[in-house]
Amino acid sequence: MPCERKPMRYGHSEGHTEVCFDDSGNFIVTCGNDGDVRIWENLDDDDPRFITVGEKAYSLAVKNGKLVTASSNNTVQIHTFPDGEPDGILTRFTTNATHVTFNTCGSKVAAGSSDFLVKVVEVSDSSQQKTLRGHEAPVLSVTFDPKGDFLAQVISWPLLQKTNDVSNAKSLCRLAWQPHTAKFLAVPVYTKVYLYERGSWDHVSTLSDDLLTQPINVAAWSPCGHFLAAASVGGFITVWDIESKLCLERQKHEKGFTVCSLAWHPSGSQIAYTDIEGCLGLLEGFNASISKTTTPKVNAEKEERGYEDLFDDDDQVMDEGWHDRHSPTKKAVSGVNEYEDDDDDFVIPATGRAKHRGTLLDDENSLDSGSLKLGPDNAVMTASPLPATLRPVYEGPQPTPPQKAFQPGSTSIHLTHRFMMWNSVGTVRGYNDEQDNAIDVEFHDTAVHHAMHLTNSLGHTMTDVSQEAVLLACPSADELASKIHCLHFSSWDTNKEWMVDLPKGEDARALCLGQGWAAVATSALMVRLFSIGGVQREIFSLPGAVVCMAGHGEQLLIVYHRGTSFDGEQALGVQLLQFGRKRRQIINGEPLPISHKSYLCWLGFTAEGTPCYVDSEGVVRMLNRSLGFTWTPVCNTRETCKSKSDHYWVVGVHENPQQLRCIPCKGSRYPPTLPRPAVAILPFKLPLCQTTTEKGQMEEQFWRSVLFHNHYSFLSSSGYEIDEVGQSQSQKEQQELLMKMFALSCKLEREFRCVELAELMTQNVVTLAIRYASRSRRMALAQRLSEIALEKAGQIHNEQEEEMEHCDIRRTSSGYDHTEGKEKHHRRQTLEDEPGQELEEEEDQQEMESQDGIEAPKRLNLFAKVPGSPLKQAAPLSSKGGRSNPFKVLGSWKSSPVSCQPRVANILDNMTSSRKSAPLSASVKKSNKTPVLKPLPPRAKTKAQSTLLQMCNAKAVIKKTQENIEAIDDQRKQADLSTAPSLADNSEAKRSKTGFEVWLEENRKNIIVDHPDLEEMDIIREAMGLFRNLSADERLAWTEQAKGPAGDVMDLKKRKRTKAGGGVENEIGQAEADENNAKKKKVVDPSKLSAFAFQKN
């Protein structure tokens, strides 16, 4: 039974696909993972009709003008055929239905589901249905008895291993009942097909084949009932003759994919099949009449002739099958009990084993004369089992077929109209049909070159296009070698083409273009480099077969197979080479990470020159040069697809702006050439955790910004000019995000996290973080941050010293005077630091004045000129002129940060928080809402000075970095006077008292006289009760009395600004004395307090 295998064609998206013929055989009907049912007139139908039934379609059946489908919405729907008009829903399940089938007359439909149920529904009245329960696993297959007496379900036979999901089953196990006679039920069991007799349900025969090493997925009877076809997971399609048990036909899937559905044409001349990739195939040329005419002749002579003649005839049949170029060796298989036909009694002695007559034709497996003996009736019997029966079965991991080489940016090669290349330069379209065989080249920018139309007489199958040339390659033919053809349209001479023939037996597998060079990977595991003008350059070998290549500028990216892979994975390796003056290998054969059980779909570079690639799961990964050349996933195109059958075909990647340019493909993986598809832009998103929260969103934005701006450092190190404005803008964006995360962590009281974020900040932004922490009353955090600021300032100083030394060496080698260069740099540095130096000199003078006082531990003044302090190394906080630099270092400073560490104290060394034991702490907090802008010069102080006022001095240190020079001078003078009372020995002057405290001082003696037994806390409680009983006017009067002295002190401060600085201490002492005297006065009339009221303006 020779047959012809037609080339397969794309039908549905990747996934489970089913096929059947209609009753007349005029249409082929398929359904797949894209949720569509397609109706084909023949295999060459380029525009089949389609019916959308849901997101996925799992099974279908056609009978009597009705189309029944099982879709992903857990329903079994019915449509008219071939019109496709909806005709209602037959039944529903709690999960998706797995298989549907009609009975012989088409009046009933049986459906099995993953919820362990089987339902039988009347087509004319869906309310008439029966539910079959009791199954212990999902139902894989159902089939009707042709006589209408039985319904077979695959779960009824305890033959297969039970599974909790259909997707985990090793086989679909599609049952098949013999048509017309309904004598046998065929059940696929692993690598064999068991035949069960109707009624007794005895296992009467087994059909097998040595080439079937993987489980059989589906079995289908021919319309006449004399042949049985089966398809396996490994892609084998086998046809047996039921009477003779001969294997009449073997065909293997052209790519070895799993065949998941079979269907016979009503005439018996064709078999349609589909695979898990959504493709449709056809086997033609079956001739049942020839096979059936030879079988009765053999059967009629079996009783008259001896067994020796019978075996001779079998040998003759086997020899004829062996010489058939379409069919491999036919092997007879005999069961223990053969069925008896009503017309002919076909009796074969039961030998208890299968008769593999094919072994007589194989020298390796043939038996010598010593191993053969004559049995009863001169039958040939073996003395030992055949070697094939003793072969162990391997059940370990299965090797994965290696991915074939492809050209990134091209569609499948079997398409007649396809894109041979689509990149950032242009598109190349190929046409290969009966009318034309040509190539069209179009450029996105017509200024590069005009469009070209090329005749594809050599049969080019791969190409690449750049701003300099178009490179094409064709495979070798019978007597023609594989050729490399280059159209160098940017050449200034008249000869713009060159061609190279590869050595005999060597074919081009992949090619790419760079800046001034071209690369071709061949089947000999070599990469050949050419100049753009045609000069042959270096040659190097690859460790494995190439998968694809990409070029950009001076970079060459190669992906190849590292070795054999297993369980659906691809073992890929990657190499990244950089040409130019320093030729080096950046990545040397590292494994290329891709998604689980996926393959590579696209490889290339971003417009800025960063390698990236896309796998079949839609995950886009980009090279992270700052993290040891690792690959980071930056986008998942599947998340934006509306349907699982939709895909995005990537054509380009941009880092600035962040854009993924791709073409949406509905229901397919490749776009059509006409009409010209539209390009869509997808955003990038790193797969971080909890991106729905504010913290996760800011983290994702920060690390994405860091990753997508790494190309600035790479381009500058490679000698390219970079956009400095864009680089500074990206750095500003990153620091803003860090500051936002810092503020959020402060609100959440995550101070350790704040320190971690500060490690990522620049030295200037750390000063802002110190200011924020001080305002938030987080002194411990501010102290930690100040230590980080010191470290960063020291690092900046070291870098500048190294840069100075490098510049000095360069100037000396160039003949310039070394001393003169230093003087120029010192003068330039002096001009830049002039505002800060004036401020520092004034503060130095204050330090010298304070040294005459009592020796005490000194608190660090951030604005003081401390020799050897690394704090003066920081750059300005922003680019605005006139602002001071708290960390700027003078040109004369040469000591290292390590040596000066004992000299420099921390910003917040003496800012410890020790609260007074005041009865009302709330009033203390309210007394100092206005931050003091200038820290005090170092003076003699006692331990009792650690108040909230000193904590405000820390904020003054940070705020000073953001004010201009004139404002700072005024604020410093105001701060010197405003903070003077805090240094007095009298603790009463450190804060203003409340009205209750003044009232308590006046009435304490009376309360003690009335209640002599009360302790201190009880006296305060009693006083609070009495104070509450006062009228509102009286309480207001006491409050005004408490505020009065503070107003006098404020007037003194204002008057003090107009006087010389020499008498500051005398006036402050006088103010303290006046303030103490004012507190002792007793208020008689509340109206007199209006003179001391606090004025807001």
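Visitor: How many bridges pair strand 22 with strand 23?

Guide: Quick note before that: this is a predicted model, where local features need pLDDT of at least 70, side-chain atom pairs count only at pLDDT 80 or more, and totals for chains, interfaces and linings use all residues. Residues are numbered from 1 along each chain as its sequence is written, and side-chain values use heavy atoms, with hydrogens and water left out. Strands are DSSP runs of E, at least two residues, numbered from the N terminus, and two of them pair if DSSP finds at least two bridges between them. Strand 22 (residues 227–232) and strand 23 (residues 236–241) are antiparallel, and the bridge count is five.

Visitor: Which residue in strand 23 is the bridge partner of Leu228?

Guide: The two strands sit side by side in an open antiparallel sheet, ordered 21-22-23-24. Strand 21 (216–221) and strand 24 (246–252) are its edges, each with a single partner strand, so one side of each has no neighbour in the sheet. As for Leu228, its bridge partner in strand 23 is Trp240.

Visitor: Is strand 32 largely enclosed or largely open, and why?

Guide: Buried means under 20% relative accessible area (1.4 Å probe, protein chains only). In strand 32 (residues 426–432), six of the seven residues are buried, so the rest of the structure leaves this strand largely enclosed.

Visitor: Which residue of strand 33 stands opposite Arg429?

Guide: Strand 32 runs antiparallel to strand 33 (residues 437–443), with seven bridges joining them. A hairpin of four residues links the two. Opposite Arg429 stands Asp440.

Definitions and conventions
Buried means under 20% relative accessible area, exposed over 50%, partly exposed in between (1.4 Å probe, protein chains only).
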